[in-house]
Amino acid sequence: MKKLTDLEYLKLNKFQVLLYNLKRFFCAIPGWFVNMILAIGRFFARCGIAIKDEFVDIGTTFIKGNWAVKTSFFIFGFGNLFYGQIARGLLFLLFEIVFIGYMLVPSGGIYWLSKGNWFQNGATVGTVQGGFTYDPIFDTDVWVPGDDSVKVMLYGLLTIIFIFAFIYTWRLQVKQCRICMDITAQGKKIKSSKDDLKSLVDDQFHKTLLALPVIGILLFTVLPIIYMILVAFTSYDAAHDGYSNLFSWVGLDNFNDLLDFGNGGLGLAFGEILSWTLMWAFFATFTNYFLGMFVAMMINKKGIKLKKFWRTALVMTIAIPQFVSLLYVSKLFDSSGIIGELLGKIPAIKNYLNTNHYFSLWDSPAVARALVIIINIWVGIPYVMLQATGILMNIPADLYESSRVDGASPFQQYVKITLPYMLFVTGPSLLTSFVSNLNNFNVIYLLSGGNPINTQIGSAGGVSVGHTDLLITWLYKMALGSAESKYYTASVIGILIFVVCAVLSLIIYNVIPSTKNEEDFQ
Amino acid sequence: MKTENKIKKSGLGARASRRISNTIIYIVLIAITLTWLFPFFGILMESFKVNEKGMDGELFPEVWGFDNYIRLFKETDFLKWFINTALMGIATAVFQTFFVLSMSYTLSRLRFKARKPLMNLMLILGMFPGFLTMILIYKVFSEAGLTMEMAPVGLVIVYCASSGMGYYISKGFFDTIPKTLDEAARVDGATRMQVFYKVIMPLSGSIVIYTILMGFMAPWGDFMLASYIIHENSAGMSVAVGMFEWLSKTMLNTNYTMFCAAGVIVAIPVTAVFLALQKYYVEGVTGGAVKG
């Protein structure tokens, strides 16, 4: 579409300007996709070049290196030992011995890898099925354990990670050895172990600080998430728990099932829940945002007294654990709760409930949806109010002063000064709160439990689908709420939640200006 | 004409209109405060009810008494749950603070090659629902004996291990401390570690307390992860999981008022700690959240 010059743009009236901006926004969308594809392409190209460089470097290192460097291609840390870095060399050597030992011992790395039947459709994870066999000593059938699929998959995964670590370490020590050789050739002194230790509190201080947190993240987030992704390709559920019954690889069946809109598929339920999840996240985020901002502006207004008191009253609600307050509030609106009973006496509401055979307000899909959004305002406003207070105080007062002199009404001031400033500064946190609302388990589960049940869909995959169910509560019910415990469906839902979050974030990051430069505020 | 009007408005009329708008704001604020505090008042009143009727739709008790509180400690494991949760809160506060501060300080003040990739990785990991990591963690923990009665230990590990990923707010805080401070200390010969604990940490009291506060409150509010690890074992329960069961449909009528009594007891220490440290919380949220 044609881009207007500044002069032409200024000639347009308000309506045309709006139309023009909207048009430009939508015309830009194909451009984003092209850019995204190009960026992905560039990423792979860069990776390819990096890998090529790496191989060339390894080759030249081997050709040009002296015998110590060449030996360290096979014996870890040999170069370090040769050049006097005893501690480093011994650590590398120890790593190699442990790795080779682990791979070769019975029930070591090779054993676990060979058991997995990795990604072979229909094949079981693990090869020996446990079962009952007659035992003459006890004169009864006893359980003879076979493989445990969960363990096979976990240890297999760990082994693969270990192999990658091995390759990385190999590359690292070869590189270090070559650097040592170059430094000696220039006649400089090589770092001793003492220098290494010293640099851990200085130049390399980030390694000291990050060691524990990063190990924690690797073990308790990265590993479980990779495992979960693998589970999505298997038939892991309560009936096939890996120990009493091996589970098997099923390829893309689980994904097909979830996106199957025909009979027996989960597609309908998934679509219904996804659309409500997006609707919920949108309303929950923006009602909180704007109302919280208004409350903050009211408290901050010049001439309003007791500012601290109003703030404390709202902040109190953050202090009290959500499960207490939310469970209580949900009961308030129940048929025999204080507010529920009161509202039930109003003729119009009474009629509505009676004609639809609803027992309480929570039984009506539309009312339940409205209620969770309204009660979420009660939950969320204090946070937004606090955030907004800090930002509002930062807006230069002379902006308001001069605009008032120019005759701007309070509403104009809000639209032209306050709102743009707020949006610019809080853009990124708006995105975070949108994503966290997509996964807002507590509010939904404690308030409505996902109910009322959607009678058109009923139950899908052994789990009832409710009108207020979010993807995350549905996932929770899949894994914990039914006897079948379909971990594989839960994993697929998890992956799809990730896809939704990632796509939304990409789009929003591209639209909001303030997310682009991290150092802008420094 | 227009300018004349304006002059008139900014005279006597402006003061009157401001008084009107302020009155409206006061009324709205009072209404908001009442709405926000109502549930707490309701819970308090409910907890003093002496009857076996369960929910009766009345705000004030017909007969006042401490029966619910007595029942709470005599007939249930509430005290055990409460101690569990408090201990978990303290342990989580200690470890989580360490993890979060080292992560956020490093990402904010130090520059190294893996910094951007690490931040991107954590951003991506954050988009996966954390609950799903439980599929594997529960399995491993149950082999290691860290579920059921030992669930509090397991849960502390779960809360702390990945807590480095929640570095955003404290990183935002560290970002606001001028870099010249570091440079000056470095010129004077301080190592980077000395800069960390001699220069920056003394300036970061509010964010440290904020992080401690968040860590302490995490176990009180978490239901999702806790319910999985605890697996309905009364000895290892946290208050959230234990009390949730009292409100199941079958037990609602007998336990509703007791739930409210327990709610009051849970709310008192947490609210007390929170209000005492409110200043730091507000500083943390307003300072750090600006950058998301």
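The crossing of helices α10(B) and α13(B) is left-handed, a crossing being left-handed if the near helix is turned anticlockwise from the far one by less than a right angle, and right-handed if clockwise. The contact is formed by B:L213, B:F216, B:M217 and B:W220 of α10(B) together with B:V266, B:V270, B:V273 and B:F274 of α13(B); residues are in contact if their C-beta atoms, placed from the backbone, lie within 7 Å. By class, these residues are eight nonpolar, no polar and no charged. Here Ala, Val, Leu, Ile, Met, Phe, Trp, Tyr, Cys and Pro count as nonpolar, Asp, Glu, Lys and Arg as charged, and the others, Gly among them, as polar. Helix α10 of chain B spans residues 205–221 and helix α13 of chain B residues 252–276, and the two pack at an angle of about 165° with their axes 11 Å apart. Axes are lines fitted to C-alpha atoms, for helices over the stretch in contact, and angles run from 0 to 180 degrees between N-to-C directions. α10(B) and α13(B) are therefore roughly antiparallel to each other. Angles under 35 degrees count as roughly parallel, over 145 as roughly antiparallel, 65 to 115 as roughly perpendicular and the rest as oblique.

The structure is a predicted model, in which local features need pLDDT of at least 70 and side-chain atom pairs count only at pLDDT 80 or more, while totals for chains, interfaces and linings use all residues. Residues are numbered from 1 along each chain as its sequence is written, and chains are lettered from A and ligands numbered from 1 in the order in which they are written. Helices (H or I, at least four residues) and strands (E, at least two) are DSSP runs, numbered from the N terminus.

Helix α10(B) also packs against helix α3 (residues 78–109) of chain B, at an angle of about 140° and with the axes 7 Å apart. α3(B) and α10(B) are therefore oblique to each other, and their crossing is right-handed. On the α3(B) side the contact includes B:T85, B:M88, B:G89 and B:I90, and on the α10(B) side it includes B:V208, B:T211, B:I212 and B:G215. The contact of α3(B) with α10(B) has 11 nonpolar, seven polar and no charged residues.

Two further helices of chain B contain buried residues. A residue is buried if 20 or more other C-beta atoms lie within 10 Å of its own, exposed if 12 or fewer, and partly exposed in between, with C-beta atoms placed from the backbone. In helix α12 (residues 239–246) of chain B, the buried residues are B:V239, B:A240, B:V241, B:G242 and B:M243. The buried residues of α12(B) pack against α13 (322–332) of chain A, and against α3, α10, α11 (224–230) and α13 of chain B. In helix α5 (residues 134–144) of chain B, B:M134, B:I135, B:L136, B:I137, B:Y138, B:K139 and B:F141 are buried.

The contact between the chains takes 81 residues from chain A and 71 residues from chain B. Helix α9 (residues 205–231) of chain A supplies the largest share of the chain A side, 18 residues. The side of chain A that touches chain B has 55 nonpolar, 21 polar and five charged residues.

The domain assignment, automatic or from a database, divides chain A into domain 1 (6–49), domain 2 (65–248) and domain 3 (267–521). The C-alpha centres of domain 1 and domain 3 of chain A lie 30 Å apart. The axes of helix α11 (residues 267–300) and helix α18 (residues 410–438) of chain A come within 9 Å and cross at roughly 140°. α11(A) and α18(A) are therefore oblique to each other, with a right-handed crossing. Among the contact residues are A:T277, A:W280 and A:A281 of α11(A), and A:M422, A:L430 and A:S433 of α18(A). The residues of this contact divide into nine nonpolar, four polar and no charged.

A:L306 has a positive phi of about 60° although it is not a glycine, and A:L306 lies in the loop between α11 and α12 (307–319) of chain A. A:L306 is partly exposed, with 13 other C-beta atoms within 10 Å. A:S485, also not a glycine, has a positive phi of about 40°. A:S485 is in the loop between α20 (471–481) and α21 (487–511) of chain A, and is buried, with 20 other C-beta atoms within 10 Å. The peptide bond from A:N451 to A:P452 is cis, with omega near 0°, and A:P452 is found in the loop between α19 (441–447) and β3 (459–460) of chain A.

Notes
Two residues are in contact if their C-beta atoms, placed from the backbone, lie within 7 Å.
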